[in-house]
Amino acid sequence: MGAWKLSCLPVILVVIFLGRNVHSNLQFGFYTSSCSLAEFIVKDVVKEAFIKDNGVVADLVRMHFHDCFVRGCDGSVLIDSIPSNTAEKDSPPNNPSLQGFDVIDNAKAKLEAVCKGVVSCADIVAFAARDSIEMTGGLGYDVPAGRRDGRVSLASEALTNLPPPTFNVDQLTRRFAEKGLTQEEMVTLSGAHTIGNAHCNSFSNRLYNFNGMTSQDPSLDPVYAARLKQQCPQGSTDPNTVVPMNPESPGVTDISYYDDVLANRGLFTSDQTLLTNSATANQVNQNAKNNPYVWKRKFAAAMVKMGQIGV
């Protein structure tokens, strides 16, 4: 069903459970006795990657989300395809847009040198996402660990489990509910679009082929749409063309994403649709108007909860 690189073979641990219980299978301080430097090693690797390419942190946050929404948080997004099976990482939602796999491999290699066969790749992905959020101005948070690495990875499951950028608010709410997340948590986690870039083909339908009545999405700010058309010309097939999802502060985890949505500058349909429902529109407005710390705290809590899906 896919092939692990040698560095990411599933691990079996026998440990004394420490710390606070947050889930039947996860614990804070899980590696305190078995690999006490685990989180420090991951953070150092992420920091090195961030210095070389500050855009990689957005990929690491997205990688955690894409891992957890397909088969739970089991590292299956890391599995390589083989001739008889196309894995998640090569499905359209992930390839070619999702990067950062080398960061996880590097962290795993360094961990194997000091704690062989102890730290799972799924936990490394969760740690790296947390570190990425913290390095871009978000709140750091404790990550409960103890995830086990899966052996099955199917591209078809990525297509059926990951919410596409064309989803409306009802579809988003249902998909997040399927994963045990509330509508408010969905709005909170949508704020991850405050960092990173998007490929033109993920939103070009809003610019040139919206529906039978109009070529351009009327909910999109015209000035912003004109700028996007300059960056993403109609008919362009360059897979490397990207635009920042949050133009004002694309490298900072902050609340400006919600300001953009309120100003009709949400890049994806799945962003702008948050204003079409009274409850989600109110949450967008509150996130934009409240003290930024309030959203950052909610975002950290939602990331912890998301990191426990299906473990």
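How many salt bridges does the count come to? The count comes to 14 salt bridges, where a salt bridge is a side-chain nitrogen of Lys or Arg within 4 Å of a carboxyl oxygen of Asp or Glu. This is a predicted model, in which local features need pLDDT of at least 70 and side-chain atom pairs count only at pLDDT 80 or more, while totals for chains, interfaces and linings use all residues. Residues are numbered from 1 along each chain as its sequence is written, and side-chain values use heavy atoms, with hydrogens and water left out.

- Side chains of opposite charge can pair when their charged atoms come close.
- One of the salt bridges joins Arg147 to Asp123, with 2.6 Å between the closest N and O atoms; the pair links distant parts of the chain, since Asp123 is in helix 4 (121–135) and Arg147, 24 residues apart from it, is in the loop between helix 4 and helix 5 (155–161). Helices here are DSSP runs of H or I with at least four residues, numbered from the N terminus.
- Arg147 is buried at a relative accessible area of 2%, and Asp123 is buried at 0%, where buried means under 20% relative accessible area, exposed over 50% and partly exposed in between, using a 1.4 Å probe and protein chains only.
- Arg175 and Glu178 form a salt bridge with an N to O distance of 3.2 Å, and both lie in helix 6 (residues 169–178), three residues apart, which is about one turn of the helix. Arg175 is buried, with a relative accessible area of 13%, whereas Glu178 counts as exposed at 57%.
- Asp260 and Arg265 also meet in a salt bridge, at 3.1 Å from N to O; Asp260 is buried at 3% relative accessibility, while Arg265 is partly exposed at 24%.

**Nonpolar cores**

- The largest nonpolar core has 68 residues, and those with the most contacts inside it are Tyr31, Met63, Met303 and Met306; such a core is a set of buried Ala, Val, Leu, Ile, Met, Phe, Trp, Tyr and Cys residues joined through side-chain atoms within 4.5 Å.
- Leaving aside neighbours within four places in sequence, the residues in contact with Met63 include Val77, Leu98, Phe101 and Val125, contact meaning heavy atoms within 4.5 Å.

**Cavities**

- The structure holds three cavities of 30 Å³ or more, a cavity being a set of points, on a 1 Å grid over the protein atoms alone, where a 1.4 Å probe fits but cannot get out.
- The second largest cavity holds about 40 Å³ of space, a volume being the space filled by probe spheres set on the points.
- Among the residues that line the second largest cavity are His64, Tyr141, Arg147 and Met303, lining residues having an atom within 4 Å of a point.

**Backbone features**

- Most residues other than glycine have a negative phi, and most peptide bonds are trans.
- Asn95 and Pro96 are joined by a cis peptide bond with omega about 15 degrees, and Pro96 is placed in the loop between helix 2 (56–68) and helix 3 (101–114).
- Arg71, in the loop between helix 2 and helix 3, has a positive phi near 65 degrees and is partly exposed at 40% relative accessible area.

Definitions and conventions. 1 Å grid on protein atoms, 1.4 Å probe; cavity = no way out; pocket = protein on both sides within 12 Å on 5 of 7 lines; lining within 4 Å. Helix = DSSP H or I, 4+ residues; strand = E, 2+ residues; numbered from the N terminus.
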